[in-house]
Amino acid sequence: MPLPSRRTRTSARALRLAGTLAVALVVLMSAGAVFAVRDGRAAGYLPERSWGPWTDAQIEGWSTHVRVNTWGDAAQADIHYGKAEDLTLNAYGKTARATTMMRSTVFTLTPDGTLTARRLSAP
C-alpha cells in the first residue's frame with residue numbers, strides 16, 4: 001500500500017482546520033444571536049407568535065395598548081389620544097421614552113411592559 005503524499009496530508013490537515021474554524025464560527029454566531037434575543041436587542045426580528053397579547057388601559061386620558069415579548073426582554077406600546085396624536089414605543093432591552101406634543105405628557109415603557117405617564121408642568 002503506498003504512503004500518502006505530503007500534499008495529501010497537508011490538504012487533509014487544511015480541510016480539518018477549515019472545518020473546525022467553520023464550526024467555531026457557527027457556534028459563536030449562534031451564541032451571539034441567542035444573547036441578542038434574550039437581551040431584547042433583536043426583538044424587532046422575532047416572530048409574531050413570540051409576543052404576548054395586547055393589554056389595553058387608559059392613562060392620563062390616553063388610550064394605551066402594550067404587549068410583552070415572551071422570548072426576550074422587550075415590550076411594545078401603541079398610545080393614542082383619539083385621532084389627534086399617536087405614539088409608538090419599542091423597549092427592546094432598554095427603557096423607551098417619548099413626549100407628546102399635544103398635552104406635554106412623557107410616556108416611559110420598560111422592557112417588562114410597565115408603561116408610565118408623567119404630565120410636564122406648564123412653563
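Modeller: A salt bridge here is a side-chain nitrogen of Lys or Arg within 4 Å of a carboxyl oxygen of Asp or Glu. The model is a predicted one, and a search through the whole of it finds 2 salt bridges. As background, side chains of opposite charge can pair when their charged atoms come close.

One of the pairs is formed by the side chains of glutamate 48 and arginine 67, with an N to O distance of 2.5 Å. This pair links distant parts of the chain, since glutamate 48 belongs to the loop between α1 (6-39) and β1 (55-59), while arginine 67 sits in strand β2, 19 residues apart. Glutamate 48 has a relative accessible area of 55% and is therefore exposed, the cut-off being over 50%. Arginine 67, by contrast, has a relative accessible area of 9%, which means that it is buried, the limit for that class being under 20%.

The side chains of glutamate 60 and arginine 119 also meet in a salt bridge, here at 3.5 Å from N to O. Glutamate 60 lies in the loop between β1 and β2, and arginine 119 lies in strand β7, so this pair ties together parts that are 59 residues apart in sequence. Glutamate 60 is partly exposed, with a relative accessible area of 39%, and arginine 119, at 39% relative accessibility, counts as partly exposed as well.

Strand β2, which holds arginine 67, spans residues 62-68 and also contains threonine 64. Threonine 64 counts as buried because its relative accessibility is 2%. Leaving aside neighbours within four places in sequence, threonine 64 is in contact with Thr55, Asp56, Ala57, Gln58, Ile59, Asp78, Ile79, Phe107 and Leu115. For Asp78, which is 14 residues away along the chain, the C-alpha atom is separated from that of threonine 64 by 5.8 Å.

Strand β7, where arginine 119 is found, belongs to an open sheet of 3 strands, which has the order β5-β6-β7 with antiparallel pairing. In this sheet β5 and β7 (115-119) stand at the edges, each with a single partner strand, so one side of each has no neighbour in the sheet. The twist from one strand to the next averages 15 degrees. Between β5 and β6, which run antiparallel, there are 4 bridges, and arginine 97 has threonine 108 in β6 as its bridge partner.

Among contacts in the chain with a separation of 6 or more, 30% are made by residues 24 or more positions apart.

Note on methods
Residues numbered from 1 in each chain as written. Predicted model: local features only at pLDDT ≥ 70, side-chain atom pairs only at ≥ 80, totals over all residues. Heavy atoms only, no water. Helix = DSSP H or I, 4+ residues; strand = E, 2+ residues; numbered from the N terminus. Buried < 20%, exposed > 50% of the residue type's maximum accessible area, 1.4 Å probe, protein only. Contact = heavy atoms within 4.5 Å. Pairing = 2+ DSSP bridges. Axes fitted to C-alpha atoms, helices over the stretch in contact; angles between N-to-C directions.
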